[in-house]
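Work through the exercises below with the model open beside you. Try each task before you read its solution.

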Amino acid sequence: TTYVDGAVAAKQLSRYQFCEVFLRIAIAKFCMTTVSPVDPAASLAKLFEECIRLNAPSNVMVDRDAFRKDRLYNGECDNVYIQHMKVLQALYSRYRIRSKDGERRPTLLNVEGFAKLFEDARLYDAYFTLQETRFCFMWSRMYTLKEDSSNQKFTNLTYVDFLEAGSPALGRAADCLHLPTDEELRSNGYADAFTWKISIELGLEQNAPIIHRRTSSHMHNVKTRPLHEKLSTMFDIMFRRLLYVPGGMNDYNKDALIRMLKKKDMEANG
């Protein structure tokens, strides 16, 4: 039985209980045998090396810190976040949505809110789905020592996490999305990435050159562009799409976006 927020979650497992399951499986599989039995520690290592590691999907083998070190933590990415800081603050507050079984609006950003942001910005496609969004969210959380007593921190992102751990969430998403380069956009007659994205939504790409998905955009493939370029493109599409009105002028206005987000934020409190 797991205690979460004062309630008993009898049908759930905490992480340490989940780890215990593997130990019990290892003991049952390798220790309780009359043919060369092994000790529990060795059986657990044997289970991971011979069974789990060989069959686990690539998504569970990700080193979350490698992305931070190799892609995110640099001056160029920092400048992109500083440039859009006020909008990101408004986005964080706006998308603190109630979970399906939640009564009060959370003070932190949960995975449902993070996924809703990408849904509203129309950034999902056949390759970047809700599953990839959840992976980006989970890989970006900082470690929490007391998962039971600090359950909210363990399962959500604080604003600082959103900028540091959440930035990997946004950055990882940018690394996985199909985002054409400026050269590809110009050579195919698109004014910018947002115009290209809207043309796809409206079905206008049938009468325009198709920009094929880059191999490097797949989640675990080697990247060929600096992350700050992809982040800038993703933010441009995301922010302008949130403000988009069919048939309107649709010129991007940061202040208008912030006002809209704050209005929706206040409505969500009601």
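Predicted model: local features only at pLDDT ≥ 70, side-chain atom pairs only at ≥ 80, totals over all residues.

**Exercise 1.** Classify the ring pair Phe22 and Phe48, and say which helices hold the two residues.

*Solution.* 
Step 1. Take the two ring centres: they are 5.7 Å apart. Pairing needs centres within 6.5 Å, so the rings pair.
Step 2. Take the planes: they meet at 40°, so the pair is tilted.
Step 3. Place the residues. Phe22 lies in helix α1 and Phe48 in helix α2, so the pair ties together parts 26 residues apart in sequence.
Step 4. Check the cover on Phe48. Its relative accessible area is 34%, so Phe48 is partly exposed.

**Exercise 2.** Is the pair Phe135 and Trp139 stacked or edge-to-face?

*Solution.* 
Step 1. The centres are 5.3 Å apart.
Step 2. The angle between the planes is 15°. Planes under 30 degrees apart count as stacked, so this pair is stacked.
Step 3. Both residues sit in helix α7, 4 residues apart, so about one helical turn separates them.
Step 4. Trp139 has a relative accessible area of 11%, so Trp139 is buried.

**Exercise 3.** Describe the surroundings of Lys223.

*Solution.* 
Step 1. Find Lys223 in the loop between α12 and α13.
Step 2. List its contacts, leaving out residues up to four places away in sequence: Arg71, Asp175, Ser216, Ser217 and His218.
Step 3. Follow the side chain of Lys223. It reaches the backbone oxygen of Ser216 at 2.8 Å.
Step 4. Compare sequence and space. Lys223 and Cys176 are 47 residues apart along the chain, and their C-alpha atoms are separated by 9.5 Å.

Technical notes
Residues numbered from 1 in each chain as written. Heavy atoms only, no water. Contact = heavy atoms within 4.5 Å. Polar contact = N/O pair within 3.5 Å; in protein donor to acceptor, adjacent residues only side chain to side chain. Phe/Tyr/Trp six-rings, centres within 6.5 Å; stacked < 30°, edge-to-face > 60°. Buried < 20%, exposed > 50% of the residue type's maximum accessible area, 1.4 Å probe, protein only.
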